[in-house]
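Please examine the arrangement of the chains below before reading on. The explanation is intended to be followed with the model in view.

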Amino acid sequence: MKFESACVRRPHRSSVRPIKTWKVKGMDDYILEMNHITKEFPGVKALNDVSFNVKRGEIHALVGENGAGKSTLMKVLAGVYPFGSYIGAMMFNGAELQFAGTRDSEKAGISIIFQELALVKQMSIRENIYLGSEFQKNGIIDWDATFVAASKVLDEVHLNRNPLTKVIDLGVGEQQLVEIAKAVSKKASLLILDEPTAALTETETENLMQILRDLRAKGVSCIYISHKISEVAQIADRVTVLRDGRAIGTDDVKNMTEERMIRLMVGHEITQRFPRVDHTPGETVLEVRGWTVHDPDVPTRKVIDNVSFSVRKGEILGIAGLMGAGRTELAMSIFGSYGVGRTGELLLNGKKMVANSPSACIEKGVAYLSEDRKRYGFIAMMDLRGNMTLASMEKLWKNGIIDGNEEIRRTEQYVRDLSIKTPSVEQKVGNLSGGNQQKVVVGKWLMTQPKVLFLDEPTRGIDVGAKIEIYNIMNQLVEQGVCIVMISSELPEILGISDRILVMHMGRLVGDLSWKEATQEKVMYLATGGR
Amino acid sequence: MENVNSKTVMQPQNSPGGNWRSRMRINVRQYTMIIALLLVWSIFTVLTKRIFISPRNLSNLFLQSATVAIIACTMVLVMVAGHIDLSVGSAVGFTGAVVATLITKAGWPTLLAIPVTLLLGLVIGLWQGYWVAYVGVPAFIVTLAGQLIMRGGLLGVTGGNTISPNSELFRQFGQGYLPQLFMKVAGFNDFSALIGILAIILYNVSAVRSRRGRIKHGFAVSSPRKQILIQVSMSVVIALVFAIMVFYHGIPYAILIVMAMVLIFSFVSQNMTFGRYVYAIGGNRDAAQLSGINVKKTNFLIFVLQGLAVAIAGIVYTSRLNAATGGAGSGMELDVIAACIIGGTSTMGGEGTVFGAIIGALVMASLDNGMSLMNLGVVYQYVVKGIVLLIAVAVDVSTRKKQ
């Protein structure tokens, strides 16, 4: 959870300073004005002179590719990045905002609902809604008053549930409504929703839309962040497009066709950052037939829905899609490490492959490099050598005794081949740079001698130079006959490196394009649910 | 197995062996541990007017630390994997009571009672390992339950009485020393001296062989001068440790067992895939799982080994005291855990060495022993040990933060 949970009432610092002369009568009534916001992280300008405003009682959509700066902008607004850590000014309800923390933004009437819901799952709906703002006297909670008030807000968001129900017993859509109820209970005048429908069914989405329209009628403004262009067209009044940390354009939704939005989102020219090599695909190595996987947390929800595709020898297959489209889940479920109720068939070199665990997959020659390097990739406190050989231990040392010299020899070979910069193979991987850490993980999987290598966001969080090195490695592997399946959220990367591009949307395969016919617009169109 | 993938990927940039730093596998924290141990020893030497440093006392100290040291060898694995074992105290008492009862009441021969007791330890390990690894109950709970169950078992077996196994052979495990071989001089055990010399020779041979192996593979090695310096100083340390025992009654059998355990589990943790898996699981369980490691099996095996070690410790413990009592081993789990932590095992898992834990066990035993020599009451012993543990963990936590 990125936000400190508000459990204790603290004296409120005066963070909202009224400025009298600002508001000009007759002009548009803006509830929020963010002017010339620039936010820098070491080496990166996440926001570059972004101006963004929201009218009172409008639903304003904020769209952009992953990493365009949407979340950063909202974190500035919410006080996650306190006043002083960014450049620029914010006006809210005609007063200047200088937040020291997230509590200040809540006090001011701004509520953010994140993708990862910030509810205490073991507590009831009632407790969650009033967490941090309990009906209390001298620290003693008035549960009856809480119950009555909770019932009322639940009505407002059309959630027909007993307030005493535990949140853990609710579906994802209902949990989201509890979050909205919490915001309503706080009399928030500006509601920010970050990808609210990513995990919702169509009916739930429809319900959410209706609630937002109701709230709009009551004068509540809303910032709606979404990847789903079609949804934005349905719900928003105005749209702002962010790209590479800049606000590219703001317009009424009626002037923003889906095509225009996508063009603005994608924008930049593809430069020669991607070393393309012509590959000649050979026979099919891995074939996936009718692959269906269910969510381990919600076993009734299909995460992967009847996906079929094949990977040929000597090609890089790109899988594009937006966050939550199920790309990672697809790869991890094939690798035997995700999902329940898996059905469908895997064929490796024409033979049926039964592999329900990573170790079985590794043995058969399937490897998966995770998008989350820190969590699933390397072991920070273990040295480079230990990390590098971890996945091939069983192959290398069948009697269980490690030949230390041989281990170093093999590791050093990969350190050289992948140009990993490290003082020694006994350096702890946690002390290496991001790019070198990634190369260590790549090396770990190469050492297993895979036939099919899934690379999930292989260049995430590493610098441009290291990225090109990774692309070169991929090209060379393909020449040696390894099949590469690359999942990436960076469209230019997908288009620049892949020989063939699959597009996923909501757990389904919605496109299969050769790199020659694929354009950013086409891919984005398919990925956002266009047909 | 030739590697097609790596052969042609990218041009080699460094020459073989390159300028890699020499391969010193010794944790910096272990140096501080040895220094801390020597510091504790010098303080007690001064405070006890050199009684502490006498071969007799140090030899006793080694013997006192034996039980904790034996369990520490496997407790390191348990803790590195991110678990904890609170049951070892009760388990030591329980297995000790069983072996004493088998010998005394059932009249079994010692050589039969001991394997049966080891088998019992194995069963304890299987039981706890099953719940931790395959059912997924946190080790804290499983071993807390084990602590209670085995304390009950212990009371049941002894009936609240003290059982003294009247077997000369059995007594050797905790009290016996290596016999004299040729010489009949009191205060010099030639057999032990021989073993000490053998140990020094073995150490030097393996050091030279390892160096040759590295040269053969083209890896960097330390300069001959440095190598000689390291080998000489290590030989001196080994000689000193053995001298302490040689000039008293000789090497106790219990210490031979400790030495064997240390060698075995150092090898297991450093040179076997199983040991590597233990570190991987403790360092990052998810990454280990995704690398194809069978996390459940590994966790299970850790507890099985721990059960075996506990049974060995139970035999040594009961033999040394020549008694099995209802309160035997109570609180020992804390000594063992403290020994591991003082020896550099991370409380978060992922880091720790067998060697460090042995040093930790010696620190704990030294504190007990030194304060007893000074006639300080139990009150102070508990307080001082508590503070030492606290400081050790505080140092661990703060060095971790800096990274």
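The structure is a predicted model. In chain A, the secondary structure amounts to 18 helices and 23 strands. Along the principal axes, the C-alpha atoms of this chain occupy a box of roughly 70 × 50 × 45 Å. A compact globule of 531 residues would have a radius of gyration near 24 Å, and the 25 Å found for chain A therefore agrees with that expectation. Of these 531 residues, 45% count as buried.

One open sheet of chain A consists of six strands in the order β7-β10-β11-β4-β12-β13, with mixed pairing. Its edges are formed by β7 (110–113) and β13 (246–252) of chain A; each has a single partner strand, so one side of each lacks a neighbour in the sheet. On average, and with direction ignored, neighbouring strands here are turned by 15 degrees against each other. Within this sheet, β10 (residues 190–194) and β11 (residues 221–225) of chain A pair in the parallel sense over five bridges. In this pairing, I192(A) stands opposite I223(A) in β11(A).

Helix α5 (residues 172–185) of chain A touches β7 and β10 of chain A, and its direction makes about 170 degrees with that of β7(A). Helix α8 (residues 258–266) of chain A lies across β4 (59–63), β12 (238–243) and β13 of chain A, and runs at about 25 degrees to β12(A).

Another open sheet of six strands in chain A has the order β19-β20-β21-β16-β22-β23, again with mixed pairing. Here the edge strands are β19 (366–369) and β23 (508–514) of chain A, each of which pairs on one side only. Strands β20 (residues 452–456) and β21 (residues 483–487) of chain A form a parallel pair over five bridges, and F454(A) stands opposite V485(A) in β21(A). Helix α18 (residues 520–527) of chain A lies across β16 (316–321), β22 (500–505) and β23 of chain A, at about 30 degrees to β22(A).

Finally, a helix pair in chain B may be considered. Helix α7 (residues 168–175) and helix α13 (residues 295–321) of chain B pack at an angle of about 100 degrees, with their axes 7 Å apart. This angle makes α7(B) roughly perpendicular to α13(B). From α7(B), the residues F170(B), R171(B), F173(B), G174(B) and Q175(B) meet I315(B), V316(B), Y317(B), S319(B) and R320(B) in α13(B). The residues of this contact divide into five nonpolar, three polar and two charged.

Key. Residues numbered from 1 in each chain as written. Chains lettered and ligands numbered in written order. Predicted model: local features only at pLDDT ≥ 70, side-chain atom pairs only at ≥ 80, totals over all residues. Axes fitted to C-alpha atoms, helices over the stretch in contact; angles between N-to-C directions. Helix = DSSP H or I, 4+ residues; strand = E, 2+ residues; numbered from the N terminus. Parallel < 35°, antiparallel > 145°, perpendicular 65-115°, else oblique. Contact = placed C-beta atoms within 7 Å. Nonpolar A, V, L, I, M, F, W, Y, C, P; charged D, E, K, R; others polar. Pairing = 2+ DSSP bridges. Rg over C-alpha atoms; globule rule 2.2 N^0.38 Å. Buried ≥ 20, exposed ≤ 12 C-beta atoms within 10 Å, placed from the backbone.
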